[in-house]
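Here are my notes on the model, point by point. Have the structure open while you read.

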Amino acid sequence: MLSIYNTLTGKKEPFQSLQPMSVRMYVCGVTVYDYCHIGHARSALVFDVIRRYLEFSGYQVEFAKNFTDVDDKIIKRAHERNVSCDTITTEFIEAYYQDMGKLGIRRATEEPKATEHMVEIIDLVGTLIQKGLAYEVAGDVYFQVEKYQPYGRLSKRKLEDLQAGARVEVDGRKRHPMDFALWKSSKPGEPSWESPWGPGRPGWHIECSAMSMKHLGETFDIHGGGMDLIFPHHENEIAQSCGATGKEFARYWVHNGFVQINQEKMSKSLGNFFTIREIFEKSKWPEAETGEMLRYFLLATHYRGPLDFSDKSIEEAKNALNGFYDLFKRLHEKEESTTADKGLTGVIERCKVAFNEAMDDDFNTPMAIAELQRLKSDVNKLLSQGLSTEAQDTAKKEFRRLGNVLGLLQLDKWQFGNIPAPDIPIRIGRLEGLGGDPGLVQPKFFQPRTALSDEQIEQQIAERLDAKKKKNFPKADEIRKFLASQGIVIEDKPDGTSRWKR
RNA sequence: GGCGCCGUACCCAAGUGGUUAAGGGAGCAGUCUGCAAAACUGCGAUGCAGCGGUUCGACCCCGCUCGGCGCCUCCA
């Protein structure tokens, strides 16, 4: 039985979908005016895994994730570059797909854009005015928070408290300082749409209400996003949606924690963020392997907790993954035997159960990973005792099947072949910068790459094999040492040949 | 000022009101090996920030304190 932590109630609750074996979920995507950083990646990944697990559990999942493509920041960026907003949003939506694709994040079943839902948005604003929950002031429309009695139930804030701490200058035209814009009259040079209140554009929150209702219905199962969206974004969505329909909006509210650098939230003002793009461009590892390391790293912490991004954590993810892929390499290398076949069923069965229990418990991916590790250890033992070809296949398939829920262990090869160094200068970031000058630290995975080509390595290995045959061990060791100095590890197999890895 | 999160071994990180506090990484020792690597075996928190309280019993529940952080403006 799946249970999910619901921000709305502050508790873990048994998950009950509205319709049997079908889940409808909506996740707030990104505002497309810039490249995504790893914080965006975490959020996208968390919900990708939730979706995968729901499907794995037999649910049919309708998954909507929006792109916010009307916004002040987009307008500003367009002006800076002297292009249209459309140019900006198209570019960054494309970049989003590329970046998230490298992390193995699947596309949602619906990916609505605000600009394509003006009719629905205007309708919804109209309804809110009709119901007396919103009012117009000179072409702007505001939601009147005092008219929605339960306002604050998601973020657990009271209107009075919010007022006291308000850091923003109050707009005198609003009836209450917390009233928020549903519709903004447009200024010259801004994109605008015709509406009953004159030309304008939607406020930030309304698009999600309009689009989720259109694609998923007035009430749906799961609504998610980053923790920072709880207030005001999701609070306002609830007010608008419930106000308009009189029905419950989303039933389970799921929020992921932040990625931090040295215990601080990543932010542009601190200069301590890394875009997904630059991590891939400058990683000294190949793309697919880098993607999997990042994925492992991001899932090795529970989605609600904070997560510190550092060199070391990526390196640890790599080492942990090595263990799995090393095992995959060794499968089918050993002489056949059926000695341990009987034991395999048991360990796989136990792993399946434990894996499901972990994921059922509020998507506990760190625990699910721990179960895969345990299976790895078990299979290693059985393999050394002897497994038949069929059993070895079964084991690998099980790793792939469960790993797929997390989007891990799907690569055909785990090989750190040499790749050309980037011609972009390597950026100096703040990673691992504790104590020293934070501006002068360079992440290790951004360091220059090995120069030896695969062919050169193979050649060396062949020479060493030859030396070994002639019992010229000093020479064999010398070659081993040389390759080691280049970051190449040789593993001799029982049959006398060798495999290698970077 | 209000709301909230985090503090578990060298590092990362799960977890439970009561049998041995997962797992990974690193480390050390051993088996294996021409030497290695991998794998396997063993070692490693008498304690889960501190102090009180509830309880037969708390790391887990409650309160306070300390330390770190987030939100209340845009933010995954």
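**Notes on the predicted model**

1. Let me start with Glu 371, which counts as buried because its relative accessibility is 10%. For this and everything below, buried is under 20% relative accessible area, exposed is over 50%, and partly exposed is in between, with a 1.4 Å probe and protein chains only. Glu 371 sits in helix 12 (residues 365–385). Leaving out residues up to four places away in sequence, Glu 371 touches Cys 351, Ala 354 and Phe 355, where a contact means heavy atoms within 4.5 Å. Helices (H or I, at least four residues) and strands (E, at least two) are DSSP runs, numbered from the N terminus.

2. Some housekeeping: this is a predicted model, so local features need pLDDT of at least 70 and side-chain atom pairs count only at pLDDT 80 or more, while totals for chains, interfaces and linings use all residues. Residues are numbered from 1 along each chain as its sequence is written, chains are lettered from A and ligands numbered from 1 in the order in which they are written, and side-chain values use heavy atoms, with hydrogens and water left out.

3. On the domains: chain A is divided into domain 1 (19–256), domain 2 (261–409 + 416–433 + 440–446) and domain 3 (450–501). Those bounds come from an automatic or database domain assignment. The centres of domain 1 and domain 2, taken over C-alpha atoms, are separated by 33 Å. Domain 1 puts 30 residues into the contact and domain 2 puts in 35 residues.

4. How much area is buried between domain 1 and domain 2? It comes to about 2,800 Å², with carbon and sulfur atoms giving 66%. Buried area here is the accessible area (1.4 Å probe) that two parts lose on being put together, summed over both. On the domain 1 side, Ile 38, Arg 42 and Tyr 53 lose the most area to domain 2, together 27% of what that side buries.

5. Polar links across this boundary: between domain 1 and domain 2 there are 13 residue pairs in polar contact, both residues at pLDDT 80 or more. A polar contact is a pair of N or O atoms within 3.5 Å; within protein, one must be able to donate a hydrogen and the other to accept it, and residues adjacent in sequence count only if both atoms are side-chain atoms. Helix 1 (38–56), helix 3 (85–102) and strand 10 (250–256) are the elements that give two or more residues to the side of domain 1 that touches domain 2. The largest share of that side, 12 residues, comes from helix 1.

6. Now the salt bridges, each a side-chain nitrogen of Lys or Arg within 4 Å of a carboxyl oxygen of Asp or Glu. The count comes to 36 salt bridges by this rule. One pair links distant parts of the chain, with Asp 48 in helix 1 and Arg 295 in helix 9, 247 residues apart. Their side chains meet at 2.8 Å, N to O. Asp 48 is buried, with a relative accessible area of 0%, and Arg 295 is buried too, at 2%. Between domain 1 and domain 2 the count is two salt bridges.

7. Helix 9 (residues 287–299) deserves a look of its own. Of its 13 residues, 11 are buried, so helix 9 is largely enclosed by the rest of the structure. Among the buried ones are Glu 289, Glu 292, Arg 295 and Tyr 296.

8. Arg 251 forms a salt bridge with Asp 221, the closest N and O atoms being 3.7 Å apart. Arg 251 lies in strand 10 and Asp 221 in strand 9 (residues 220–226), so the pair ties together parts that are 30 residues apart in sequence. Arg 251 is partly exposed, with a relative accessible area of 27%, whereas Asp 221 counts as buried at 0%. Elsewhere, salt bridges that share partners join Asp 72, Lys 184, Lys 187, Glu 190 and Arg 201 into one network.

9. Last, Glu 248, found in the loop between helix 7 (230–245) and strand 10. Buried or exposed, or in between? At 32% relative accessibility, Glu 248 counts as partly exposed. The side chain of Glu 248 makes a polar contact with the side chain of Arg 153 (3.2 Å).
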